[in-house]
Amino acid sequence: MLKKLFILIFITASIGVFGQGKFIAKNAYISFFSSTPMEDILGESNEAVTILNAETGEIAFQALMTTFHFKRALMEEHFNENYMESTKFPKAKFTGKIEAYSKTMLSAPLADIKVTGTLSIHGVDKTITIPAKLGLENGKLAGTTKFKVVPEDYGIAIPSLVRDKIGKEMEVTVKANYLPFGQ
Amino acid sequence: MKIKYAIVLVLVVILIGAGIGLKMFFKPHADISKSKAAFQVEATGLIGEFELDENAATTKYSEKILEISGKLVVKNKLSNGTDLLILEDEMQGISCQLDSNWAATNQETIEALETGSSVTVKGICKGYLMEIKVSPAVVLK
């Protein structure tokens, strides 16, 4: 019970507000994609969690590395054991703020926004600005983004034997359907 | 003569190597319904362990097959068609995404599940993110 409370406080504190309008997506979609001459590599997870603070426009996003699912069992194994070292770094995180945020963004149709914040993967933090879309889709608050990540920026070593065959950048796609939370 | 044998030997080694390589490459995902569970736990007990010490519980259970019994509180379908069962607590309970192959042939079992009643699932524990994530999973009873 205490732990639950701590987590709640932590999540609330990490986006900097108490008891005000918040939105949560518990089964947000995240994928990363890379094309190789042999076949495309696509890892997908439906288990990311994201919280959007309606007062401040702050966004927190977390995904468990082990929940990424691949077509081939071997890819999943390599992803977790060789590249992401999921036992050492189980979670990828992003905490950021919507640029020029206004509350009206939440009740308008899906529109382009920019989010700046810290992306933490494989134990390495980097400040990034990503293009995203936020707004109502079929009457529900949705957020999507698509951006590129260079594995080496996050200390992820890809053996030179396969390095040339994988695209320099991986494409990350996120889709979240937010619901009001904690009010 | 000796060279011939050497060539044959090298070819055999290459073939075996390629065979093993291909087999590894095309290795299918583990079939959860046929795999044996490493732990049999009560949902509330499992949640308690993760709340007490997330790191220790993650080390103990992550990537292991668990058989979990508990109260079904949510039965849902995600937008991609995946069946989702949540045990004990909607926000901070145990979230189980059902194996799509298993679900395709066991829709009747899934439909018969009633929220509020007890259920036993078997699946791979993926760790803790606000709730305990289990996927893929199958329903035992």
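## Where the two chains meet

In this predicted model, 22 residues of chain B are in contact with 16 residues of chain A; contact here means C-beta atoms, placed from the backbone, that lie within 7 Å. On the chain B side, the elements that give two or more residues are α1 (2-25), α2 (43-52), β5 and β6 (131-139). The largest share, three residues, comes from β5(B). Helices (H or I, at least four residues) and strands (E, at least two) are DSSP runs, numbered from the N terminus.

What kinds of residues make up this side of chain B? They divide into eight nonpolar, nine polar and five charged.

A word on the ground rules: local features need pLDDT of at least 70, side-chain atom pairs count only at pLDDT 80 or more, and totals for chains, interfaces and linings use all residues. Residues are numbered from 1 along each chain as its sequence is written, while chains are lettered from A and ligands numbered from 1 in the order in which they are written.

## Inside and outside chain B

Chain B is assigned domain 1 (1-30) and domain 2 (32-139), with bounds from an automatic or database domain assignment. Taken over C-alpha atoms, the centres of these two domains of chain B are 41 Å apart.

The largest nonpolar core has 57 residues, and Ile94(B), Val121(B) and Val134(B) touch the most other members. Such a core is a set of buried Ala, Val, Leu, Ile, Met, Phe, Trp, Tyr and Cys residues joined through C-beta atoms within 7 Å. Leaving out residues up to four places away in sequence, Val121(B) touches, among others, Ile68(B), Leu85(B) and Val134(B).

Now for Glu114(B), in the loop between α5 (107-112) and β5 (118-129) of chain B. Is Glu114(B) buried or exposed? Glu114(B) counts as exposed because it has 10 C-beta neighbours inside 10 Å. By that count, 20 or more other C-beta atoms within 10 Å make a residue buried, 12 or fewer exposed, and anything in between partly exposed, with C-beta atoms placed from the backbone.

## A look at chain A

Chain A has three helices and nine strands, and buried residues make up 30% of its 183 residues.

Chain A averages a pLDDT of 87, pLDDT being the predictor's confidence in each residue, from 0 to 100. In chain A, confidence is lowest in helix α1 (residues 2-14), at a mean of 55, and highest in strand β5 (residues 111-121), at 96.

Notes. Two residues are in contact if their C-beta atoms, placed from the backbone, lie within 7 Å. Ala, Val, Leu, Ile, Met, Phe, Trp, Tyr, Cys and Pro count as nonpolar, Asp, Glu, Lys and Arg as charged, and the others, Gly among them, as polar.
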